[in-house]
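Student: Could you go through this fold with me, one piece at a time? I'll ask as things come up.

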Amino acid sequence: MKLGTLKHPVDHKPVASDFAIIEADRPACPADGLILRTVHLSLDPYVGSRLRGRHMGEPAPEPMKGAIPGAVIGQVVESRSPAFAEGDWAHVMEGGWQEFVAVTAGHARKIDPGVAPLAAHAGVLGMPGLTAWSGITQLAKVGSGDTVLVDAAAGPVGGTVGQIARIKGAKRVVGIAGGPEKCSLVTDTYGFDACIDYKSDGWRDRLADALPDGLSVFFENVSADMAMLALTHARIYARGVLCGLVDAYHTETQSQHPLNAGLIIGKRAQLHGLVVYDFYPRWDEYVAESAPWIASGQLKFVEDRADGLENAPALFERLMNGQNKGKAVVTVAPEQV
């Protein structure tokens, strides 16, 4: 089978030439486990940090041997578990860049292919969607009358954050993204009230104009500096969700992420650190709530697709440079055998 791996250890932002697609033995089915035929593979920004051994203490994959980490949507081709039958569909977070995945049944989540397109389980119904839902509904508890600011708003997490905030009653949703094309996606597809292009001159003034009454919630995906900028526009008792610090994923040394304690105190702000792993036990609850939003058109998603495992490195490089348009997904094999 084909397997995507590192050619060598990396200490920089990964590029396509850092990866190799090699031949490997198909894994054996573990006791009480499954073999999945990988169909859709999720590419996510945090993996860039993990390849350097800098994500949540998880090790980097071994070059020319270990599969690049990645969530997988796959079909069961062999089962030694009473919970799964051949032909069932499953989502596995620790699947990886490989055509077949061996996993214990406890690390696979059965999915219903009828509730949404299968690839959606890698994005809007996958970890990005769960992240957005967890931050908005469980931590910030967005409701009627809230004004919500989210950066990296064109990404699969940010775009879903704004839409769920609206569904939950927010009266105004403002995004920050890079470039007119991404801002058009944020307003025209995801339905935000405004999107500020941080690559344009005078964007901080336009951000202030877009928040005339301040914000009550902000969802941070980029950096501590952006979180502090959001707080300058915050109302008293605002809630902030600190989800990602993508600006620090590829720095040579780990940033200390300084926060302005005086500003936090002055705003009486509540800051919530979000690690989506905490909400894995509630994944099915999220899917049950959000699948009808997708069916009704309330929750929209955009995908940046590549076909074939051999094209994963190029798409991953685009993702690392913020050039992807929507959720990065690699279709490794056809859904129908």
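Student: Is β9 buried or exposed, for the most part?
Tutor: Keeping in mind that this is a predicted model, five of the six residues of β9 are buried, so the strand is largely enclosed by the rest of the structure.

Student: And which sheet does it sit in, what's the strand order there?
Tutor: β9 belongs to an open sheet of six strands, and the order reads β10-β9-β8-β11-β12-β13, with parallel pairing. The edges are taken by β10 (194-197) and β13 (270-273), each of which has a single partner strand, so one side of each is left without a neighbour in the sheet. From one strand to the next, the twist averages 15°.

Student: How many bridges join β8 to β9?
Tutor: Five bridges join strand β8, residues 147-151, to strand β9, residues 172-177, and the two run parallel. Within that pairing, Val150 stands opposite Gly175 in β9, while Thr147 stands opposite Arg172.

Student: Which strands does α3 touch?
Tutor: Helix α3, residues 156-167, packs on the sheet and touches β8, β9 and β11 (215-220), with its direction making about 170° with that of β9. Helix α5, residues 203-210, also packs on the sheet, where it touches β8, β9 and β10, and its direction makes about 165° with that of β10.

Student: OK, switching to helix pairs. What's the angle between α2 and α3?
Tutor: Helix α2, residues 127-139, packs with α3 at an angle of about 45°, and their axes are 8 Å apart. Angles from 65 to 115 degrees would count as roughly perpendicular and those under 35 as roughly parallel, and α2 and α3 are therefore oblique to each other. Their crossing is right-handed.

Student: Which residues make that contact?
Tutor: On the α2 side the contact is made by Pro128, Gly129, Thr131, Ala132, Trp133, Ile136 and Thr137, and on the α3 side by Pro156, Val157, Thr160, Val161, Ile164 and Ala165.

Student: How far apart are Thr38 and Trp293 in space?
Tutor: They are 27 Å apart, C-alpha to C-alpha, and 255 residues apart in sequence.

Student: Last one, Leu315. Which helix does it lie in, and what is it in contact with?
Tutor: Leu315 lies in helix α9, residues 312-320, and is buried, with a relative accessible area of 1%. Apart from neighbours within four places in sequence, Leu315 is in contact with Leu43, Asp304, Arg305, Ala306, Ala328, Val329 and Val330. For Leu315 and Val330, which are 15 residues apart along the chain, the C-alpha atoms are separated by 8.2 Å.

Technical notes. Residues numbered from 1 in each chain as written. Predicted model: local features only at pLDDT ≥ 70, side-chain atom pairs only at ≥ 80, totals over all residues. Heavy atoms only, no water. Pairing = 2+ DSSP bridges. Helix = DSSP H or I, 4+ residues; strand = E, 2+ residues; numbered from the N terminus. Axes fitted to C-alpha atoms, helices over the stretch in contact; angles between N-to-C directions. Contact = heavy atoms within 4.5 Å. Parallel < 35°, antiparallel > 145°, perpendicular 65-115°, else oblique. Left-handed = near helix turned anticlockwise from the far one by under 90°. Buried < 20%, exposed > 50% of the residue type's maximum accessible area, 1.4 Å probe, protein only.
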